[in-house]
Every structure is written in structure tokens, then in C-alpha cells.
Amino acid sequence: ISYKNLIKFSFQISKNIRFRSLALIICENTLEVIAFYIACIQKSSVVILIDKSLNENGLKNIVEIYKPDYFFSRKNKIKMNNYNLIEDYGNFHLLKSIDNEKKYLNDNLSLLLTTSGTTGSSKFVRISKKNIDINTSQIINSLEIDKTHRTITTMPMNYTYGLSIINTHLVAGSSIVLNNKTFLDKEFWKKINEQSVQNFNGVPFMYEILDKLKFEDMMPKSIKYITQAGGKLNRGIFEKFIKISREKKIKFISMYGQTEATSRMSYLSWLSAEKKIGSIGKALSGGNFYLVNDQNKPIQNHGIEGELVYEGENVSLGYSEKLSDLNLDD
């Protein structure tokens, strides 16, 4: 689907969304979900992204606490009391709350994400539109993503790393191969080969399993670079992937991030990967790392341990555990 048609589809959806409302999305890596996500952005709405595997009790708990104005999910996912059907979009539908009470939302708030991606906890990280814009730009510049790039979804959209891959490639005008299969499924690798995917992104456990499956024999020729984030990768496996990448002429890029910083905070250049195994790399443009001691004062000398602190405009607004938190100041 072209960007022109994606925008057209999202505009059709946005006609059913009230400006600056609160919408909950049961996430899947599909055209309908991404179009609804874009529609919410067009209407300056705040979006709660929820994993599709969340159980009914966990989901109802979140709905009860936050009382979203809109609910977007696959049909027959769950019966929602106090919500009316607005419109169907393929296998998905949009529901609207019968409660029209106005919510007071922080002017900067744009997105609510859980830290782990799948938890049923009502604790969310409050992310602003500026956070998203800044971090998306930081990642695009670091990875040099442009409209010629083509990626594939390897993680849930509600997971900060997975969402950042979608955001960066949409903003850069790149191609995204939508996929809901696991990386262990033959269909996944078939898609990568047939669609000439150029970059692969994963968390440590994915690389640990791929190592056992002999990733070097599965690597499609179209792949130009691979990124790793979401935790520290075992040193031995790190070394193996550097070696494989060098032989295959692929850039292996390790990154470090947290939901509280919107997504990614640092970048270890593939050129330095072999010499700097275990390093989180350098802060993305506009960000800053430093260590503090027990008195919370910056450590000036080398070789002294301390607590790592990150500063940057991609740092979130804090946490939310109830509806009233959505109006908290920065």
C-alpha cells in the first residue's frame, strides 16, 4: 500500500474520532492498526497501546481505570460493556464509549506505554509528542534510515522497541513489511526473502536462539544491517554476530534504550563493535550520559563506578497509574 493510500485510509478513520480524545488500541502489526494509530495522531489524541495477548481481566482493569473514549481491536476480541460500535475496518472494529464526559489531558501527552510490553499493570509511561518526534529523529539520523530502506516487524507494536521501528520507517518514508509471525516461523523468513528486507531488529533472546539455528546460513542477501537492543547480549554471541556480520558485509549495531526515554538512548557504531564489546555506545544526538555517586553528584574521574544517568528531550513525562495522572504537569 502506498503512503498516499495509507494517509487516505487514516483520514477516513479520523472522521470518527473526536479531537484530543483518549483511545485504546489492542495492537497487531496490521494495516488497520497502523492506520488507526496515525488517525489518532492526526486528531492529537492520546493513545494507549496494549498487547493482544493480555487477558480479559487485565484489559478490563485498564479500561475501568482509564475509561478510554475509543476502543480499537480485532472483532470478537472481547465484549465491551458501555461501548457502541462506530464502524468496521476489515477484521477490526472501532467502538466508542457511551460516556461523553470530557477528560483533562496534559497538553503534551501523546502516548501511554507499559515498560515490559505485555503486562496487565495499569502503570504506564507517559510519552509526549515531542518525545516521539525527538527520539524518532535521533534514531533515523544514527541509522541513516531513508526512503530506500525496507524493514520487517519483528516485535509487537506496543513494545517501545517495536514501535520505534515503525515510527522511524514511517517518518523516513521507508517500506515496512507487516508481520505477526515469530522469527522461528518459516513464513517469516519467506517474507524477508520475497520482500528483500534490508534490516532486521531483535532483542537478546532472539539472537541467542538464532545463534543455535545458525543464523549465518539463514541470512538473506538483501540484509544491510541488523540492530540489537532490549537488554545486554551475551559476550560470546555478540562476538559471533560481529564475525558473521563482517563476513556477510552487514552492519551489526547494538543500541541501548528504555521506555522511559521513549525508546532508544545510545548507539554503538558497527565500526567500533569489535573493540567495544559490552559497551552501550554513545548517546544519540542531543542526549547525554554521566555517572553519579551516592550523593547524586557527577563523577569526574575515570574508573569509578556509579549510577548511570541519562538526560535528553526524549525522556518521558513520568508514570501514570490512574486517569487523573494524565493531566499531570511535566
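**First stop: Gln228**

Select Gln228, which counts as buried because its relative accessibility is 1%, below the 20% limit for that class. Please bear in mind throughout that this is a predicted model. Gln228 belongs to strand β11, which covers residues 225-228.

Now display the side chains of Gln228 and Ser254. The two side chains form a polar contact at 3.0 Å. Which residues is Gln228 in contact with, leaving aside neighbours within four places in sequence? They are Tyr161, Gly202, Pro204, Tyr207, Leu233, Phe238, Phe252, Ile253, Ser254 and Met255.

**Second stop: Ser266**

Then select Ser266 itself, in strand β13, residues 264-268. Is Ser266 buried or exposed? Ser266 counts as buried because its relative accessibility is 0%.

The side chain of Ser266 reaches the backbone oxygen of Ile280 at 2.5 Å.

Move to Asn81, in the loop between β3 (70-74) and β4 (83-89). Asn81 has a relative accessible area of 54%, so this residue is exposed; the class begins over 50%. Select Ile98 as well and draw a line between the two C-alpha atoms. Asn81 and Ile98 are 17 residues apart in sequence, and their C-alpha atoms are 9.3 Å apart in space.

**Final stop: the whole chain**

How many helices and strands does the chain have? There are 9 helices and 17 strands. The chain's radius of gyration is 20 Å, close to the 20 Å given by the globule rule for 330 residues, so the chain is as compact as a globular protein of that length. Along the principal axes, the C-alpha atoms fill a box of roughly 60 × 55 × 35 Å.

Colour the chain by accessibility: buried residues make up 50% of the 330 residues. Switch to a surface view, where the chain exposes about 16600 Å², with 48% supplied by carbon and sulfur atoms. Lastly, colour by charge. The chain has 44 positive and 34 negative side chains, and the centres of these two sets lie 6 Å apart.

How values were computed
Residues are numbered from 1 along each chain as its sequence is written. This is a predicted model: local features need pLDDT of at least 70, side-chain atom pairs count only at pLDDT 80 or more; totals for chains, interfaces and linings use all residues. Side-chain values use heavy atoms; hydrogens and water are left out. Helices (H or I, at least four residues) and strands (E, at least two) are DSSP runs, numbered from the N terminus. Buried means under 20% relative accessible area, exposed over 50%, partly exposed in between (1.4 Å probe, protein chains only). A polar contact is a pair of N or O atoms within 3.5 Å; within protein, one must be able to donate a hydrogen and the other to accept it, and residues adjacent in sequence count only if both atoms are side-chain atoms. The radius of gyration is taken over C-alpha atoms; the globule rule is 2.2 Å times the number of residues to the power 0.38. Accessible areas come from the Shrake-Rupley method with a 1.4 Å probe; for residues, only the protein chains shown count as cover. Lys and Arg count as positive and Asp and Glu as negative; His and the chain ends are not counted. The place of a charge is taken as NZ of Lys, CZ of Arg, CG of Asp or CD of Glu. Contact means heavy atoms within 4.5 Å.
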